[in-house]
Amino acid sequence: MDMRTLAEIKAEAQNSPLEAVTHVQLEATAIKTARNGKPFAELRFQDGSDKLTLRIFDDNPVFSEIPALEDGAFLALNGVFFRNGDYGIDIRKMSFRLLEDQERDALLGGSPEVREKQARDIEDIRSLAATIVDPRLHTVAHLFLSEFGERFARSAGARFVHHARRGGLLEHTAQMMRAAEAVAAVYPVLNRDLLLAGTLLHDAGKMWENHIPPESFTMPVDERGELLGHISIGFELVNTLWRKMQEKFDDWKSLEPSTEQVRSHLLHLIASHHGTYEFGSPVLPKTPEAVALNAIDNLDARLEIFFQGYATLPLVASRIHDKVRILNHYLVKPLPAFEPVNENQGNEQP
């Protein structure tokens, strides 16, 4: 059988059955009862690309093996995946086995494509952070990446909506920093250093709110993340890093704007990046850089929702995918780029 990620299975099994094997982690198992009184096992799987919930009823030969599975187990899952009406992706002819250690390690590392992409992402983040000229913002960015780079690279960008996967925070931040660099070039009135540093650190609190342990895809519920939220944690983190720079404050006394002004404006970007009170920002964006950061954040999050939808949602009509719940509308395929016709094509002499 061909190897597939969960995202690939969701995309390819929408319109026709797909026989495949996938390496996954079992997030959780629950034994439930259907309306007709029939017991079934609900299995929640995940890998570095997506999540998938399967329901296995008691007449399935593998049902009796499920109670022996431990939550968090790494499995090779085999079968024929297909779309089961409104219930989503289902499976028949299912079988599974525990992964060998080397298979588990390869799964946690991601596919070659994911590893290559995330390597580019972290390199772009480090390269852009290194170009920050303001010594206060340059130093705080360097400290952050030095102390938290590994945890940052594992964390998710969200719990459910966008970039909700291992490494999602890294991917989201890298794309936003590339966008911030482009926006700063179009609007040179913006403080480029502040915008880049704010983009790097705006979601840093998600390293606790959406933390993923080193040997897992499962995002545990974190007490600190639940009590404080990533904006408050981001505040605390930046202030902690700022105090570690204190020995340099005397060297920066003559700099304008002042070090305290720089800190306040950086914290404002973190506080206001959700844009509105109802979306969780304690303050509204009150500077051009805060407005730009909020727009870039929304742009990347919404486009990610579209791209995930195109990859996983079934077609309901030609070029139209099913509704995305959070957007409350269907997704229409984008218009392909125009390709000019070569007038000399076909008229060339042999």
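What volume does the second largest pocket have? About 1,100 Å³. Keep in mind as you click around that this is a predicted model.

**Stop 1: the second largest pocket.** Select Thr5, Gly48, Ser49, Ser111 and Val114, the lining residues that lie nearest the centre of this pocket. In total, 40 residues line it. Now colour the elements that each give two or more residues to that lining: helices H1 (6-12), H2 (101-109), H3 (112-130) and H4 (135-154), strand S2 (18-33), plus H5 and H10. By class, the lining has 13 nonpolar, 13 polar and 14 charged residues.

**Stop 2: the largest pocket.** Next, pick Lys10, Asp50, Lys51, Phe160 and Thr312, which lie nearest the centre of the largest pocket. You're looking at about 1,300 Å³ of space, with 37 residues lining the pocket. H10 gives the most to this lining, with five residues.

**Stop 3: H5 against H10.** Show helix H5 (residues 168-186) and helix H10 (residues 288-312), whose axes are 10 Å apart. They pack at an angle of about 130 degrees, so H5 and H10 are oblique to each other. To see the contact, select His172, Gln175, Met176, Ala179, Ala180 and Val183 on H5, then Leu293, Ile296, Asp297, Asp300 and Ala301 on H10. Seven of the contact residues are nonpolar, two polar and two charged.

**Stop 4: a cavity.** Finally, select the residues lining the largest cavity, including Gln46, Asp47, Arg165, Phe217 and Met219. The volume of this cavity is about 70 Å³, and its lining holds four nonpolar, two polar and five charged residues.

Conventions: Residues numbered from 1 in each chain as written. Predicted model: local features only at pLDDT ≥ 70, side-chain atom pairs only at ≥ 80, totals over all residues. Heavy atoms only, no water. Axes fitted to C-alpha atoms, helices over the stretch in contact; angles between N-to-C directions. Helix = DSSP H or I, 4+ residues; strand = E, 2+ residues; numbered from the N terminus. Parallel < 35°, antiparallel > 145°, perpendicular 65-115°, else oblique. Contact = heavy atoms within 4.5 Å. Nonpolar A, V, L, I, M, F, W, Y, C, P; charged D, E, K, R; others polar. 1 Å grid on protein atoms, 1.4 Å probe; cavity = no way out; pocket = protein on both sides within 12 Å on 5 of 7 lines; lining within 4 Å. Points joined across faces, edges and corners; volume = space filled by probe spheres on them.
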